[in-house]
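Biologist: I would like to go through this model with you term by term, asking each time what the label rests on.

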Amino acid sequence: MIRNVVVGVSGGVDSAVSAHLLKERGFNVLGIFMRNWDEHDESGRCSGEQDLKDAEWACRKLDIELRQVNYVKQYWTSVFSQFLEDYQQGLTPNPDILCNKHIKFNLFHQHALHTLQYDAIATGHYARNSLGDFLEHAGSRGAEDVRLLIPADTFKDQTFFLAGIEQAALQRTMFPLGGLKKTDVKELARRIGLQRLAEKRESTGICFVGKRDFKAFIREYIISKPGDFVDVDSGSIVGTHEGIHQWTVGQRCRLSSYLLPYFVARKDAASNIIYVAAGHEHPALHSTRIHIDEVNWLCSRARQKLSTEGSLRCRFRFQHTKPLVDCQLRPFEVQLDVPLRAITPGQYAVFYDDVACLGAARILHGEPLHRKQQQVAMER
């Protein structure tokens with residue numbers, strides 16, 4: 001029987017309301033604030049200090065004990081170092097997926113269950129667990145095939161960022177907000193005296209970049225290495241850049257004196273060349289076939305179906321805000337029903353059925369369309 005739950009408290013409204021819902025249901029709740037990044041802003045304040053103060057304030061209001069854990073060193077090794085290495089290789093990583101995989105649903109999960117000997121963890125993510133938002137079906141048959149379900153608030157859906165975690169971690173993870181809309185969460189926060197958090201501005205973007213310009217931030221860690229922009233059609237040099245780490249696939253290059261604007265088609269780390277395509281809809285920017293790394297599965301049945309039948313019909317996205325696209329998944333390859341623009345090496349292909357996130361795989365590269373293929377695809 002699950003009685004004792006550790007909730008990750010971030011200083012935001014979602015985790016605070018999650019803690020309230022757990023306490024309301026009679027669980028013995030312990031809040032833990034994770035310090036993952038240690039940096040001071042321009043005024044000399046640690047950027048995470050206000051979040052910690054808000055977490056302490058919320059837990060006092062809710063009458064919940066709050067402790068801290070420090071994962072700064074582990075975050076640097078498992079997330080940030082990987083982030084920098086990927087950019088140097090011309091890839092575009094997703095640190096949020098890496099943080100959930102290595103820190104929140106690995107180190108924090110183990111600390112709560114094994115070191116503290118609690119029964120489960122809870123987070124403020126907008127996601128659902130097939131064992132119930134509060135693991136009420138944890139003892140039932142089929143618990144081994146626990147699934148990560150799409151939440152009630154599909155606009156706030158965060159399953160994309162959870163697609164890299166281990167399926168086993170879900171067996172002891174609660175998502176108290178799974179059945180709620182964000183508007184409901186804020187309204188509840190106001191009702192229980194957490195107005196300050198309901199009105200707090202939400203953090204967006206990469207946590208360690210903060211409000212700074214990304215190019216300026218990345219220059220602090222990676223030495224700029226100038227190279228050429230090369231037209232993907234003619235092979236002509238059309239400009240120069242200060243480093244492949246400052247550009248991502250699909251981005252406009254703003255090269256002057258050309259009839260059509262240029263966009264990044266692909267990057268070659270070995271030669272330090274960025275290949276660019278003229279025009280936003282150039283076929284070199286679109287793909288229907290994507291080469292991927294091994295899939296991290298969150299659904300045993302889907303994995304088994306691919307293994308026995310050689311392919312799996314499902315849905316795909318590589319950016320969490322974009323609509324899902326139907327596809328055929330094969331080992332190390334995705335065939336999309338319709339072309340997508342700017343498939344980005346280093347990002348994640350995340351797979352879904354109608355109700356659940358099936359898993360994810362890192363994108364190696366997308367095969368560019370030929371002009372004839374693009375015409376056929378557009379005629380469908």
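Biologist: Why is Trp76 called partly exposed?

Modeller: Its relative accessible area is 40%, and because buried means under 20%, exposed over 50% and partly exposed in between (1.4 Å probe, protein chains only), Trp76 falls in the middle class. Please bear in mind that this is a predicted model, in which local features need pLDDT of at least 70 and side-chain atom pairs 80 or more, whereas totals for chains, interfaces and linings use all residues. Residues are numbered from 1 along each chain as its sequence is written, and side-chain values use heavy atoms, with hydrogens and water left out.

Biologist: And why does Trp37 count as buried?

Modeller: Trp37 has a relative accessible area of 14%, which is under the 20% limit, so the label is buried.

Biologist: What makes the pair of Phe316 and Phe351 tilted?

Modeller: Rings of Phe, Tyr and Trp (its six-membered ring) pair if their centres lie within 6.5 Å, and planes under 30 degrees apart count as stacked, over 60 as edge-to-face and the rest as tilted. The centres of Phe316 and Phe351 are 6.3 Å apart and their planes stand at 50°, so the pair is tilted. Phe316 belongs to strand S14 (residues 312-317) and Phe351 to strand S17 (residues 348-352), so the pair ties together parts 35 residues apart in sequence; strands here are DSSP runs of E with at least two residues, and helices runs of H or I with at least four, numbered from the N terminus. Both Phe316 and Phe351 are buried.

Biologist: How many aromatic pairs are there in the whole structure, and what makes the one between Trp37 and Trp76 stacked?

Modeller: The search finds 18 aromatic pairs. Trp37 and Trp76 lie 6.0 Å apart centre to centre with 10° between the planes, and since that angle is under 30 degrees, the pair is stacked. Trp37 sits in the loop between strand S2 (28-35) and helix H2 (49-62), and Trp76 in helix H3 (residues 72-88), so parts 39 residues apart in sequence are tied together. Ring pairs also join Trp37 and Trp76 into a cluster whose members include Phe80, Phe214 and Tyr221.

Biologist: How do you know that the buried residues of helix H6 line one face?

Modeller: In H6 (residues 182-191), Lys182, Val185, Leu188 and Ala189 are buried. Seen down the axis, taking directions from the axis to the C-beta atoms, the buried residues of H6 fall within an arc of 120°, so they line one face of the helix. Thr183 and Arg191, on the other side of H6, are exposed.

Biologist: What makes Thr159 buried, and with which side chain does it make a polar contact?

Modeller: Thr159 has 0% relative accessibility, so it counts as buried. A polar contact is a pair of N or O atoms within 3.5 Å, where within protein one must be able to donate a hydrogen and the other to accept it, and residues adjacent in sequence count only if both atoms are side-chain atoms; the side chains of Thr159 and Asp157 come to 2.7 Å, so the pair qualifies.

Biologist: Why is Arg147 buried?

Modeller: At 11% relative accessibility, Arg147 is under the limit and therefore counts as buried. Its side chain is joined to that of Asp353 by a polar contact of 2.5 Å, and its place is the loop between strand S5 (128-129) and strand S6 (148-149).
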